[in-house]
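Trainee: I would like to go through the labels used for this model and ask what each one rests on.
Mentor: Go ahead, and we will set each value against its rule.

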Amino acid sequence: MAHLLDLPEDLVILILQYLQQREPEDLGYRPVLTNLVRLCLVSKSFVPATRRALYASFWSNELRGTWRIRAFLCTVIANPLLASYVQGIELVAWRAWDGDSDEWDSGYPDYRRYSPGRNRNDRKLFQKAIHQLALSDTAFWRSAVRKDVDEVYVALLLLLLPNLRKLSLGLPLRFEVLEKALHHATFLRPLHAPLASLQKLEEFGCWFRGNVAQGNINELAPFFRLPCVRKIHAGAHLVSSGPWPQLPPNTTLEYLELDYHDIQPETLGGMLHGLKSLKGFAFEPFTFFERVAFHPQRFGSALMNAAASLIDICIAGEELYFGDGTLLGSFRSFTQLKCLKTEFRWLLGDARSVRLVNILPPSLEKLALTGYGYDTISDRHVVSQFKELVDAKPNIMPNLRSIGDRISQWMSRTPGFDELLDACRRNDVQLD
């Protein structure tokens with residue numbers, strides 16, 4: 001009789017992944033891994049294969065405490081082999097992330113609080129981890145454990161996972177503990193430390209609770225030092241204060257997404273200057289209480305620091321933030337650029353002297369311009385610009401394949417639109 005473990009290892013992994021996909025969801029957020037747990041209990045021979053799949057990722061969404069994070073941390077400290085299986089961490093929300101946690105605690109009591117005896121046992125494990133990691137400033141870490149600081153559990157967890165490749169994290173209001181952990185992983189890394197913390201991390205995502213406080217984008221600088229990081233996505237509500245830290249050139253980061261941020265162009269320019277292999281960049285400005293307006297011209301100058309490598313650029317915006325009325329500037333020097341998505345008013349505005357065909361690079365394949373219908377922009381002007389660009393395909397824009405972004409919904413009755421459609425058919429350009 002054939003046995004599951006008689007199959008090749010690749011097939012076993014595919015079967016386990018299928019079982020993970022078929023798991024029931026807990027409150028619509030995350031599978032509860034019931035099938036994998038049951039498979040672990042079938043026999044001892046199933047344990048090695050199924051444990052690897054069971055511990056491949058860890059997910060937590062708890063505002064009422066950190067009992068789940070603490071329990072998982074104790075597990076990986078006591079079982080280093082299980083720690084080596086973990087490749088993904090997703091902490092959607094945790095108490096230190098939310099300034100209103102006292103309200104949650106009072107409204108939703110946590111019945112799984114640790115007993116004093118369990119706390120003592122766990123603290124011994126945490127002290128063991130601090131010694132194992134050879135952390136500097138041990139007095140600080142031991143004091144944080146004694147005071148039951150939430151951030152220390154997350155920091156230790158990240159440092160104890162040698163094969164972590166994907167991290168998604170809600171940033172805490174108090175960044176001091178995580179800052180020390182990142183400093184240890186990216187700057188210190190003692191030679192006698194047994195673990196190379198975060199050295200295999202490839203993808204990092206974070207967000208901040210903006211209606212409670214504001215985070216600082218400069219605090220994320222250590223992630224730009226990691227040797228394998230390929231993608232960084234910093235979610236809502238981060239601001240900049242002061243210049244970007246001086247870091248060694250980064251040759252691995254390929255994709256950078258900054259959503260709903262209020263970042264000074266000078267800070268952004270310093271950030272992009274050290275990213276030598278950046279291929280994709282997405283940015284959406286958000287000004288807290290209209291403290292700083294978005295300045296397209298200064299932003300375009302900052303973007304020039306990555307002109308040699310960028311392939312995909314997306315600069316989105318909201319109708320409420322008009323900035324100072326200036327333009328992003330020319331993209332002719334972006335010799336590798338294939339896809340550009342931005343606001344029409346930031347690329348051309350109402351300037352009749354600026355032509356799309358003169359400011360876009362010949363390498364461009366897709367142009368998606370949004371923001372039609374503003375009083376400052378004539379529909380006839382938009383159609384004329386697009387038609388001139390399409391007609392230039394044979395000689396000036398040989399790679400152009402697609403233009404517009406739901407332009408038909410806005411300008412189907414605009415004079416000259418039929419001529420634009422004919423030009424697209426002749427030159428094999430798709431009009432979105």
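**Labels and what they rest on**

Mentor: In this predicted model, the lining of the second largest cavity comprises seven nonpolar residues, with no polar and no charged ones.

Trainee: What makes the lining of the second largest cavity nonpolar by class?
Mentor: Its lining residues are Leu-158, Leu-169, Leu-171, Phe-175, Leu-178, Leu-182 and Phe-223. Leu and Phe both count as nonpolar, which gives seven nonpolar residues for this lining.

Trainee: What is the volume of the second largest cavity, and how many cavities are counted?
Mentor: The volume of the second largest cavity is about 40 Å³. The count is two cavities of 30 Å³ or more.

Trainee: Why are H15 and H17 called roughly parallel?
Mentor: Helix H15 (residues 379-391) packs against helix H17 (residues 417-426) at an angle of about 20°, and their axes are 9 Å apart. Angles under 35 degrees count as roughly parallel, so H15 and H17 are roughly parallel to each other. Their crossing is left-handed.

Trainee: Which residues of H15 and H17 meet?
Mentor: From H15 there are Val-383, Phe-386, Lys-387, Val-390 and Asp-391, and from H17 Phe-417, Glu-419, Leu-420, Ala-423, Cys-424 and Arg-426. By class, this contact of H15 with H17 has seven nonpolar, no polar and four charged residues. Asp, Glu, Lys and Arg count as charged, and the contact includes Lys-387, Asp-391, Glu-419 and Arg-426.

Trainee: How do you know that the contact of H4 with H9 has one charged residue?
Mentor: Ile-69, Arg-70, Phe-72, Leu-73 and Val-76 in H4 meet Tyr-153, Val-154, Leu-156 and Leu-157 in H9. Arg counts as charged, and the contact of H4 with H9 is put at eight nonpolar, no polar and one charged residues. Helix H4 (residues 67-78) and helix H9 (residues 150-159) pack at about 35°, with axes 10 Å apart.

Definitions and conventions. Residues are numbered from 1 along each chain as its sequence is written. This is a predicted model: local features need pLDDT of at least 70, side-chain atom pairs count only at pLDDT 80 or more; totals for chains, interfaces and linings use all residues. Side-chain values use heavy atoms; hydrogens and water are left out. Axes are lines fitted to C-alpha atoms, for helices over the stretch in contact, and angles run from 0 to 180 degrees between N-to-C directions. Helices (H or I, at least four residues) and strands (E, at least two) are DSSP runs, numbered from the N terminus. Angles under 35 degrees count as roughly parallel, over 145 as roughly antiparallel, 65 to 115 as roughly perpendicular and the rest as oblique. A crossing is left-handed if the near helix is turned anticlockwise from the far one by less than a right angle, and right-handed if clockwise. Contact means heavy atoms within 4.5 Å. On a 1 Å grid over the protein atoms alone, a cavity is a set of points where a 1.4 Å probe fits but cannot get out, and a pocket is an open set with protein on both sides within 12 Å along at least five of seven lines; lining residues have an atom within 4 Å of a point. Grid points are joined across faces, edges and corners, and a volume is the space filled by probe spheres set on the points.
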